[in-house]
Amino acid sequence: MARLATPPFRTALLVIQPVRRRHCAECRGGPLSMVVVEDGAARCLDCVDLGHLVFLPRGDTALTRRSREESALSAVVMRFNRRNGRYERQGVLVEEAGLARAEARCLADAEARRRRRVRDAARRATEDLRFTAAFAAEIRRLFPGCPEARARDIAAHASVRGSGRVGRSAAGRALSEGAVTSAVVASVRHVDTPYDQLLMSGVARQEARRRIAGAVETVLGGWREAGVEGEVEVEVE
């Protein structure tokens with residue numbers, strides 16, 4: 001049987017949901033939806049003394065945390081995401097009695113936690129509005145010719161929480177000139193040039209960027225001059 005890669009996590013017992021169904025190297029049972037990897041070989045939960053645990057899918061942070069607190073034995077369940085090239089958490093295995101106690105705890109303070117989530121959401125929304133306004137102001141400082149509405153649109157797009165865009169990076173949160181400029185360049189590339197059209201016609205990304213580089217710089221140059229809103233025509237090769 002092909003050896004299984006062991007995920008790079010060492011802080012907890014680990015159970016893997018294999019991409020391909022496996023059989024136990026010890027009892028030969030299977031195919032298995034969950035395995036533990038020992039010395040590169042897959043073993044079923046019963047053979048590694050985890051068969052009595054129940055699976056709790058990810059999604060409820062409080063229930064997951066409390067279930068692990070209430071369980072003498074637990075394990076983290078991971079699955080390899082081929083697209084992202086990394087292992088990702090799928091849930092936990094916990095003792096059934098521990099899960100029941102955790103559910104009771106969550107039920108007891110569900111309303112308090114709901115109110116706290118509402119307060120936290122309102123606080124985050126306020127913080128996001130302030131940050132987006134600050135990002136837009138920095139765009140206008142660096143590019144005074146950029147229309148105010150456009151600056152707001154660029155800032156709103158770049159600073160969406162959880163998006164992974166440049167505005168949410170450490171440099172973006174610090175309003176560094178490089179991060180702000182990167183957000184503006186990305187917007188100009190997609191809005192003010194035929195970059196998307198080139199990509200859709202099969203032009204490679206780097207080649208498409210090369211073709212529209214001059215157009216991007218023309219717009220940026222116009223925006224660096226107060227009151228100039230450069231609009232350019234670019235011929236698609």
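Reader: Before anything else, what is a salt bridge here?
Author: A salt bridge is a side-chain nitrogen of Lys or Arg within 4 Å of a carboxyl oxygen of Asp or Glu. The model is a predicted one.

Reader: OK. What do the side chains of Asp 128 and Arg 161 do?
Author: They meet in a salt bridge, at 2.8 Å from N to O. Asp 128 belongs to helix H3, while Arg 161 is in the loop between helix H4 (148-158) and helix H5 (170-173), so the pair ties together parts that are 33 residues apart in sequence.

Reader: How many salt bridges does a search of the whole structure find?
Author: The search finds 22.

Reader: Which residue forms a salt bridge with Arg 123?
Author: Glu 127 does, with the closest N and O atoms 3.3 Å apart. Both lie in helix H3, four residues apart, which is about one turn of the helix. Arg 123 is partly exposed at 41% relative accessible area, and Glu 127 is partly exposed at 36%.

Reader: Which residues do salt bridges that share partners join into one network?
Author: The network holds Asp 120, Arg 123, Glu 127, Asp 128, Arg 161 and Arg 168.

Reader: Switching to strands. Why is S6 described as largely enclosed?
Author: Strand S6 covers residues 86-94, and seven of its nine residues are buried, so the rest of the structure largely encloses it.

Reader: Which strand does S6 pair with over four bridges?
Author: That is strand S4 (residues 54-57), and the pairing is antiparallel. Strand S5 (residues 75-81) also runs antiparallel to S6, with seven bridges joining the two.

Reader: What is the bridge partner of Phe 55 in S6?
Author: Leu 93 is the partner of Phe 55. Leu 93 is also the bridge partner of Ala 75.

Reader: What about the hairpin of S5 and S6?
Author: Four residues sit between the strands, and Gly 85 in this hairpin takes a positive phi near 70°.

Reader: Which residue has a positive phi although it is not a glycine?
Author: Arg 28 is one of them, with a phi of about 65°. Most residues other than glycine have a negative phi. Arg 28 is in the loop between S1 and S2, and it is exposed at 63% relative accessible area. Asp 49 also has a positive phi of about 65°. Asp 49 lies in the loop between strand S3 (41-43) and S4, and it is exposed at 59%.

Reader: Which residues gather in the patch of positive charge on the surface?
Author: Arg 20, Arg 21, Arg 79 and Arg 82. Arg 20 lies in the loop between strand S1 (14-16) and strand S2 (36-38).

Reader: Last one: how far apart are Leu 142 and Arg 224?
Author: In sequence they are 82 residues apart, and in space 6.7 Å, C-alpha to C-alpha. Leu 142 is in helix H3 (residues 110-142) and is buried, with a relative accessible area of 16%.

How values were computed. Residues numbered from 1 in each chain as written. Predicted model: local features only at pLDDT ≥ 70, side-chain atom pairs only at ≥ 80, totals over all residues. Heavy atoms only, no water. Buried < 20%, exposed > 50% of the residue type's maximum accessible area, 1.4 Å probe, protein only. Pairing = 2+ DSSP bridges. Patch = residues over 30% accessible without salt bridge, like charges linked within 9 Å, V, L, I, M, F, W, Y side chains within 5 Å. Areas by Shrake-Rupley, 256 points an atom, 1.4 Å probe, with all protein chains shown as cover. Lys, Arg positive; Asp, Glu negative; His and termini not counted. Charge placed at Lys NZ, Arg CZ, Asp CG, Glu CD.
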